[in-house]
Amino acid sequence: MTDDAELAVLRLGHRPGRDDRMTTHVGLTARALGADRVVFGPRASGAADTVRDITDRFGGPFDVELTDAPKGVISGWDGRVVHLTMYGLPIQDVESELRTVHSEAGDPLLVVVGAEKVDFDVYERADWNVGVTNQPHSEVASLAVFLDRLFEGSELDAEWADAERRVVPKETGKKVVEPDEE
């Protein structure tokens, strides 16, 4: 998103038919709220195509990857790992530390967002297991709250390069234009 170290989101797991929309929304949320890329498992090619299409139309930069080894992404990550889980430490207790590690120390962050039951080894590998609430909730909501807390709202003013379309904010109605139109 900025000159900070890389921030990637890994969608761990994907149940075709059940998670298609949710996995797509993890990718769209990652893009819209400041991540540099999203990594999906091999069964999420439809979600990957949708997020790539949105990036092509509404701008980037943002990368979308597919991997045959999602857990290999975690074990091979050269940086710090944050696992979003309702069982984790409250975001408000660790957000300052996470900002410092990411922005000031320049450590790349991998944010792991599960789709189904997450194996205990992910909890052990994570540098932080973080909960935005300790109640059942959506993983998309968890990612959105996490990114907003990490970037302190600066992600909401992002500039998008090479956009074919741009949304014009309006009090009522909808307006989407080509970037050179107003």
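**View 1. Arginine 166 sits in strand 7, which spans residues 166–167.** Strands here are DSSP runs of E with at least two residues, helices are runs of H or I with at least four, and both are numbered from the N terminus. This is a predicted model, in which local features need pLDDT of at least 70 and side-chain atom pairs count only at pLDDT 80 or more, while totals for chains, interfaces and linings use all residues. Residues are numbered from 1 along each chain as its sequence is written, and side-chain values use heavy atoms, with hydrogens and water left out. Arginine 166 counts as partly exposed because its relative accessibility is 29% (buried is under 20%, exposed over 50%, partly exposed in between; 1.4 Å probe, protein chains only). Look for arginine 57 too: its C-alpha lies 8.5 Å from that of arginine 166, although 109 residues separate the two in sequence.

**View 2. Helix 1 (residues 20–32) meets helix 6 (residues 139–151).** Their axes come within 9 Å and cross at roughly 10° (axes are lines fitted to C-alpha atoms, for helices over the stretch in contact, and angles run from 0 to 180 degrees between N-to-C directions). Helix 1 is therefore roughly parallel to helix 6 (under 35 degrees is roughly parallel, over 145 roughly antiparallel, 65 to 115 roughly perpendicular, and the rest oblique). From helix 1, Met22, His25, Val26, Thr29 and Ala30 meet Glu139, Val140, Leu143, Ala144 and Leu147 of helix 6; contact means heavy atoms within 4.5 Å.

**View 3. Helix 4 (residues 91–104) also packs on helix 6.** Here the angle is about 55° and the axes are 9 Å apart, so helix 4 is oblique to helix 6. On the helix 4 side you will find Ile91, Gln92, Glu95, Leu98, Arg99 and His102, which meet Phe146, Arg149, Leu150 and Phe151 in helix 6.

**View 4. The largest nonpolar core has 32 residues.** Such a core is a set of buried Ala, Val, Leu, Ile, Met, Phe, Trp, Tyr and Cys residues joined through side-chain atoms within 4.5 Å. Leu7, Val9, Leu98, Val130, Leu143 and Phe146 have the most contacts inside this core. Helix 6 gives the most to it, with six residues. A second, separate core has 13 residues, including Ala8, Val73, Val81 and Val118.

**View 5. Leucine 98 and its contacts.** Setting aside neighbours within four places in sequence, leucine 98 touches Val82, Ile91, Trp128, Val130, Phe146 and Leu150.
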